[in-house]
Amino acid sequence: MQSTLPHTLNLGILAHIDAGKTSLTERFLHAAGVIDEVGRVDDGNTQTDSLALERRRGITIKSAVVSFAVDGTTVNLIDTPGHPDFIAEVERVLSVLDGAVLVVSAVEGVQAQTRVLLRTLRRLGIPTLVFVNKTDRRGARYEGVLRHIAERLTPDAVPMGSVPGIGTRDARFVPFTGDDGDGDGDGEDRGGGFTARLTELLAEHDDTLLAAYVDDPASLTYDRLRTELARQTRRALVHPVFFGSAATGAGIPELMRGVRELLPARRGDADGPVSGSVFKVERGAAGEKIAYVRMFSGTVRTRDRLGAAKVTGIGVFEQGANVQRSEVRAGQIGTLRGLADVRIGDVIGVPREGVRAGAHHFAPPTLETVVSPLRAADRGALHLALTQLAEQDPLIDLRQDDVRQEVSVSLYGEVQKEVVQATLAEEYGLDVTFRETTTICVERVIGTGAAHEIIDTEPNPFLATVGLRVEPAPVGAGVEFRLGVELGSMPYAFFRAVEETVRETLQQGVHGWRVPDCTVTMTHAGYWPRQSHAHGTFDKSMSSTAGDFRHLTPLVLMDALRAAGTAVHEPMHRFRLDVPADTVGAVLPVLARLRAVPHTPTTSGASYRLAGDIPAAQVHTLEQLLPGLTRGEGELESAFDHYRPVRGGTVPTRERTDHDPLHRKDYLLRVVRRTNGGGSKSGGSGEEGAAATAAR
């Protein structure tokens with residue numbers, strides 16, 4: 001018999017920075033009776049901002065989970081960062097959500113990050129309520145924010161109440177009930193306006209409702225509309241808008257009622273096949289990994305084996321705390337210990353149907369910097385610390401340069417750099433410096449190029465024949481490796497060595513940048529079979545090994561890439577800029593100097609709207625210049641959109657971190673030192689002599 005579980009709702013709180021997400025979380029916990037006193041971000045005593053750095057800076061850096069019960073439904077609430085530099089934290093949370101509350105400030109209105117978040121939530125079909133916070137603040141608006149939401153966020157939004165006293169400490173939220181239509185502003189129906197607006201909005205997404213609206217409007221009772229509102233909200237077709245204040249508690253009971261009634265709580269099958277997703281990994285006090293997992297089906301118990309690892313401890317979020325339990329069941333969020341090799345995005349058990357593993361919802365970071373320890377003796381510790389940080393953030397990439405003994409880290413922005421620096425100092429005791437941040441480009445193959453080297457034929461010093469043809473592939477296609485020779489023409493291990501080396505080598509193209517989209521076909525293959533002396537000992541100097549193929553492949557691939565030609569592409573942001581009309585004359589020359597390409601401008605009252613593309617490397621400069629150009633009234637929204645060929649000037653290059661197969665002599669000498677000789681077709685001085693001969 002199937003085990004029945006209580007309803008569970010995994011709820012994300014998302015917003016732009018300073019909209020009040022963490023304060024809203026505190027209000028939820030207080031209203032549910034989990035905490036006796038509401039913490040304040042400014043005081044550093046909130047439940048979810050537990051890191052010392054978060055408390056000091058007053059921003060959320062890591063996602064955090066708390067749990068509470070509302071009328072028989074367990075809500076696992078996940079507070080996420082609002083600063084765009086930490087979008088990777090939001091990235092991993094999206095895959096485990098049943099619903100979301102998107103927070104908007106009643107003073108600032110819709111921000112660039114707000115638009116990015118709702119666009120992603122809608123694309124993923126995650127049901128979302130909008131909560132307009134800070135109605136008690138001076139400058140708070142009602143109609144203005146609703147208009148902002150409709151114009152810049154979504155037209156499928158419906159206000160759920162009015163806000164008498166908005167902009168004062170006495171502001172309160174009065175829900176529309178649809179009862180009378182007397183137009184007295186008491187929050188019931190405001191002259192039928194709410195019912196009419198709700199009917200029109202819902203009818204746009206339901207033909208049956210539309211027919212009733214036309215033929216029999218009397219049948220559309222408020223109860224029927226409310227039921228249909230819940231159905232369409234759960235399908236992420238419409239977005240109810242609530243108003244209130246996390247500071248005063250206004251509107252919080254109504255929002256919690258909306259969460260309970262309009263978002264999809266679920267019952268999981270605890271006896272079904274084990275299926276879960278790891279969305280966060282952190283380290284415990286002893287350095288052990290702690291995996292945060294959302295269970296979609298089945299039950300994981302202590303001492304269960306997940307792959308080769310055994311679960312040694314389980315925690316489940318209950319009433320605001322992570323409580324040690326013997327099992328975590330479907331619908332719950334829990335922590336698992338004992339999984340030493342676990343990574344963010346790993347599937348626990350069987351994959352969830354319809355979810356593509358490794359799918360990313362946001363653009364990867366487009367900035368990079370070299371991080372160096374102040375003390376040379378800390379290089380090893382720094383690499384270990386950065387590796388652990390990268391484990392917790394899968395969109396952050398590390399590049400180890402063994403030649404220069406340097407590590408590069410990819411980033412979203414300067415604030416993230418400051419946080420990495422502070423984290424290394426506070427958690428690992430490492431003082432570091434950063435070089436100037438640079439933009440991460442890519443290389444795209446232009447044409448078709450081929451190259452090959454034959455075994456026992458100069459200048460090839462390796463016991464391998466490798467031929468490769470490189471061709472461009474569509475954007476987003478990735479790297480495809482094909483065989484143009486018979487699979488049985490040599491041992492499979494040699495083919496695998498070539499393919500693995502091709503993929504590794506393409507991380508650094510002719511100009512040092514990653515080559516993301518191309519087809520590589522192996523056109524030539526050959527080897528010397530295993531040779532033995534009369535007394536049966538293996539003769540490496542006369543027998544091909546996988547190392548021969550791994551060493552030769554980069555030389556052949558780089559020759560093929562050079563023959564095909566590559567072009568460096570830089571990341572471009574799509575921007576939208578709203579400025580006062582009288583400042584356009586000052587803004588346009590700056591955009592031109594920053595190599596931005598504006599599209600046809602539009603006007604809206606006294607405001608001028610410019611949209612277009614701008615190199616990612618110039619966005620930070622534009623952000624700094626904009627206030628002075630527009631008297632502080634300009635609004636900039638930008639997000640990564642595509643890569644574009646670098647135009648004019650010097651083509652940017654990236655320092656290589658490999659043995660540089662572009663320079664044959666140096667490459668061969670480095671490979672010789674690395675392998676310490678052997679594996680050469682020549683006698684006497686071994687591979688070193690062959691390398692020197694080939695280099696000449």
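Predicted model: local features only at pLDDT ≥ 70, side-chain atom pairs only at ≥ 80, totals over all residues.
**Exercise 1. Describe the stretch 180-187 by its confidence and its contacts.**

Residues are numbered from 1 along each chain as its sequence is written, and side-chain values use heavy atoms, with hydrogens and water left out.

**Exercise 2. Find where confidence in the chain is lowest and where it is highest.**

Solution. Start with the chain average, a pLDDT of 82, with 83% of the residues scoring at least 70. Next, take the elements, which are DSSP runs numbered from the N terminus (helices: H or I, at least four residues; strands: E, at least two). The lowest mean, 42, belongs to helix α17 (residues 686-695), and the highest, 98, to strand β27 (residues 465-472).

**Exercise 3. Decide whether threonine 566 is buried or exposed, and name its side-chain polar partner.**

Solution. Threonine 566 lies in strand β30 (residues 566-580). Its relative accessible area is 14%, so threonine 566 is buried (under 20%; exposed is over 50%, partly exposed in between; 1.4 Å probe, protein chains only). Beyond four places in sequence, its contacts include Arg444, Val510 and Leu561. Glu443 is also among them, and the side chains of threonine 566 and glutamate 443 are joined by a polar contact of 2.8 Å (a pair of N or O atoms within 3.5 Å; within protein, one must be able to donate a hydrogen and the other to accept it, and residues adjacent in sequence count only if both atoms are side-chain atoms).

Conventions: pLDDT = per-residue confidence, 0-100. Contact = heavy atoms within 4.5 Å.
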